[in-house]
Amino acid sequence: MAIGRRELLGLAGGAAVGGALSPVPWKLLDDSAIWTQNWSWTPTPVRGPVTEKFGLCTLCAAGCGVKARCGSAGVFGVAPAAEHATGGGALCPVVYGAHQLPYHPRRLRTAIVNGHAVETKEAIAEVARRLEAAGAKAAILDERPGRIVSALYDRIARAKGGTVVTLAQVEDRSLRTMEDLAGMGPGTLGYDFEHAALILSVGAPLLDSWGSTGRMSRLWSRRVETGKPVFVHAGSHWSRTAQLADRALILRPGSEAALVAALAGKLAIEPAAEITGLSPASLSDLALRLREQAPALVVGGGEAASSGLPEATERMIAALNVAIGALGRAGGIVMRRPLTGAPQPPQYLDRVPDHSLDLLVHEASSAGIVAPEALLRRKLAAKGTLVRLSAFLPEAFGPNDVLIPSTTFLEGAEDARGARDAAVETWSYSDGLSSVPASALPPAEFAAQLAEALQVKVESYEELRKARAAAIVAAKRGHVYRHAGGERAEATDLEKFEAAMAEGAVWVDEPVEPGPLRAKIDAVDWSAGRPEQPSLIAVASSPRGSLSVLPAVPLASKLDRETRLYAVPGEVRMNPRTARELNLRPGDSVLVSTPFGETRGRVRCDAAAIPGQLELGACGDGSQLVLEAMGAAEPGAGPTQAAQIRRS
Amino acid sequence: MSATQKTSRTPRRYGMVIDLDRCTGCGACVIACAAENNVAPGAARENDRNSISLLRVFTLNNPTAAGRRTAFLPMMCMQCEHETPCVTVCPQQAVELDVLSGIVEQMPQRCLGCRYCMTACPYHARSFNWGDPSWPAGMEATLNPAVAPRMRGVVEKCDFCQSRLHAAQDAAAVNGSLDPGIYTPACVEACPTQAITFGDWNDPEGALAKSGETFAWLEGLGTQPKVRYRSGQNWLHEMAERGGAAPAKEERHG
């Protein structure tokens, strides 16, 4: 038999088909897959002894106590410090993954000036030069005022004629208005939720990582056990707090002022009901409860990922608190002593005139504070410089910007003043539990190097810390709580005080005995306009603590994209009915526009979403555009925005 | 290990009671669980269907007008005790019910990745590793040294933080005891409202016995889950009975 080309080709083809139909290649494929399962690309954790150390969470100003589990390679787990006075054995969700932040792919590893990588010393010299030139038109943005490094910022700014400013966080917004009306300085009032019988939140996300998580969680647990305090939420959208509250009143967007005026008896129930969209009976009932279910208090402020209520509405809320007797009463808004040894609290950035600064030094070493980029830029003059001390590359930076790498979670020495809403001041410090990368500067080191470059004489961080400890002990007030066993001791001996604090203890001031306080509420304007009724509103959603100009904690993907517990960044979540009305289908690319900006996303339909409401995920990359669209940089823009949506 | 094997200590039946009235749906348990068990952060392509989540929190909406509008349902492996579906179907004996702890254990080294157990699990509490776990460069330093990351091609699930159980056993052994006692899984430690109680169902004086009236999700299946819930809201009891535990479903239309 002659074997020709045709036969050879037939044999080869038959062998190929027969081989593919036999188990051999599939067995080989399977075996090689199993074989490669254990190849070295599956990481092996570094074994070794495990220790527990106490530190401070620096994702916001509250400074909750954390118990870090440390192995040979560094911190591998975070747990709450059970007895910590601020944290109270609870932490925000993202803190449990915050120990991964030092290794974030967007970690800033070199200083950048005008778009070029430079040595950190050169960058600081450049900042000093520009700060000197800006003089009174320079400001330092201290996101967490009251720390020891705040004293250094204060000295530097004063020496060069500049100012120190801070951001009005969601907890600040109502308190600062009350402080203004009462003629009291910033940081002198706090909420005494623990003795309240009824808490009315007007748009405030009290049950969604507001204030310190531990405090609100304890309150929530107590409410489940005893029925007190009663949470009533009035807001213009179904927020998480509205979902959990004992009673939720969903108002027409922008009608908060009418609600508050009606509750204060300054607006008749019927017109208020018409403006707010609530029933007259529910309004009357709430007004009655506020007076009879004493002690009650009202909290405003709006959502964290959007702007607060208009100042006029905040003034009404303050006046309502005075009217129901909440000011200066246990279970209401109480006075607290200023933190011993801390500098004068700075003014708020949003109150600085627009385009008035030539230089803004933004200490963004905390990864979880909401700093709307648009607000920072608006305060700068046309060719102003934004200097950012940050552990991460921001989403965008301008041609004149200076970036200096900083430490992040559990790296380097830090101290914390405590939660802004607390009824008493607290103070704690930690020397850092992770090693500081060579390129990163802790805030104190940054301030010291800047002072040196400016030839401003300042004490060292250690000296200032000792001086504050000595001042607290000399004041003979308050107690020190130690983590181990939850021991409580008097703060009377400096040596013992410092030893306890070095182990991660927290000093808690004595509460001021509640007493009558006065506030000028005669001038409060009670007129409540009739807001327009948009057919569509936009709201921002985010697990607090991961929302900022900085990237999110890597494991935060478990909360949004992987479990759908929060809105996914880059998605526009809406009710299927709303989508049908808008002729949109899941997965459609859309452009959401509001009076303040635009943001793009993909439609996601969810039967749990409220009809007529667009939920924008504001977490991680892209969150700045959402913040801008939500008017977060516009004081008083409100927690919801009228929105329009179209395919893009 | 067979159920009749004699042991030198009294077997425990570890379990949980989750108070749905306390849960605020914050998700602290979800992240704490992932960090403790060396679950890698989700890659860009991962979603609620193909990611690794040993513990999920579902949002439940009240279908009736009465009561609270929303509740949050933390759901992990329910550690079924009777005819455990995943144990029954596993062809590799990669899933076992440990008689000393009552924990349904998953052994990735034995798993061949057939995913029968995922199909059998009535709670969808199992995840499949579609790819090798990977962390950004350097982030491997944050891995829990007591937990080995699972390889591609195997199923994984909640095991009540076995590494913590082993640590408790080691600590007990140092003191001359074989009984690890009641340890604390990561989700229990992280819950800011103490909504999750962990204990031993065999202990008549323990925290679980004192939890009051509890109910299981899909009790009618008869698998006797050791993770039970409590709530004063009737609509949640009704939803648990009829198995309406699915997360807020995406409604397709058009």
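These legends go with a handful of close-up views of a predicted model.

**View 1. Helices H8(A) and H9(A) packed together in chain A.** Here we look at two helices of chain A: H8, made of residues 256-263, and H9, made of residues 269-276. Two packed helices are described by the angle between their axes and the distance between the axes. For this pair, the angle is about 160° and the axes are 9 Å apart.

**View 2. The residues where H8(A) meets H9(A).** Which residues make this contact? From H8(A) come Ala258(A), Leu259(A), Ala261(A) and Ala262(A). H9(A) answers with Ile269(A), Ala272(A), Ile275(A) and Thr276(A). Sort the residues of this contact by class and you get seven nonpolar, one polar and no charged.

**View 3. Domains 1 and 2 of chain A.** The domain assignment of chain A lists domain 1 (51-103), domain 2 (193-331) and domain 3 (537-647). This view stays with domain 1 and domain 2 of chain A, whose C-alpha centres lie 32 Å apart. Where they touch, nine residues of domain 1 of chain A are in contact with seven residues of domain 2 of chain A. On the domain 1 side of that contact, five residues are nonpolar, four are polar and none is charged.

**View 4. Chain B by itself.** Chain B holds six helices and nine strands. Its radius of gyration is 18 Å, close to the 18 Å that the globule rule gives for 254 residues, so chain B is as compact as a globular protein of that length. Taken along the principal axes, the box filled by the C-alpha atoms of chain B is roughly 55 × 50 × 35 Å.

**View 5. Chain B against chain A.** How many residues does each chain bring to the contact? Chain B gives 56 residues and chain A gives 59 residues. On the chain B side, the elements that give two or more residues are helix H1 (28-36), strand S2 (56-61) and helix H5 (186-190). H1(B) supplies the largest share of that side, with seven residues. By class, the side of chain B that touches chain A has 22 nonpolar, 19 polar and 15 charged residues.

Key. Residues are numbered from 1 along each chain as its sequence is written. Chains are lettered from A and ligands numbered from 1 in the order in which they are written. This is a predicted model: local features need pLDDT of at least 70, side-chain atom pairs count only at pLDDT 80 or more; totals for chains, interfaces and linings use all residues. Axes are lines fitted to C-alpha atoms, for helices over the stretch in contact, and angles run from 0 to 180 degrees between N-to-C directions. Helices (H or I, at least four residues) and strands (E, at least two) are DSSP runs, numbered from the N terminus. Two residues are in contact if their C-beta atoms, placed from the backbone, lie within 7 Å. Ala, Val, Leu, Ile, Met, Phe, Trp, Tyr, Cys and Pro count as nonpolar, Asp, Glu, Lys and Arg as charged, and the others, Gly among them, as polar. Domain bounds come from an automatic or database domain assignment. The radius of gyration is taken over C-alpha atoms; the globule rule is 2.2 Å times the number of residues to the power 0.38.
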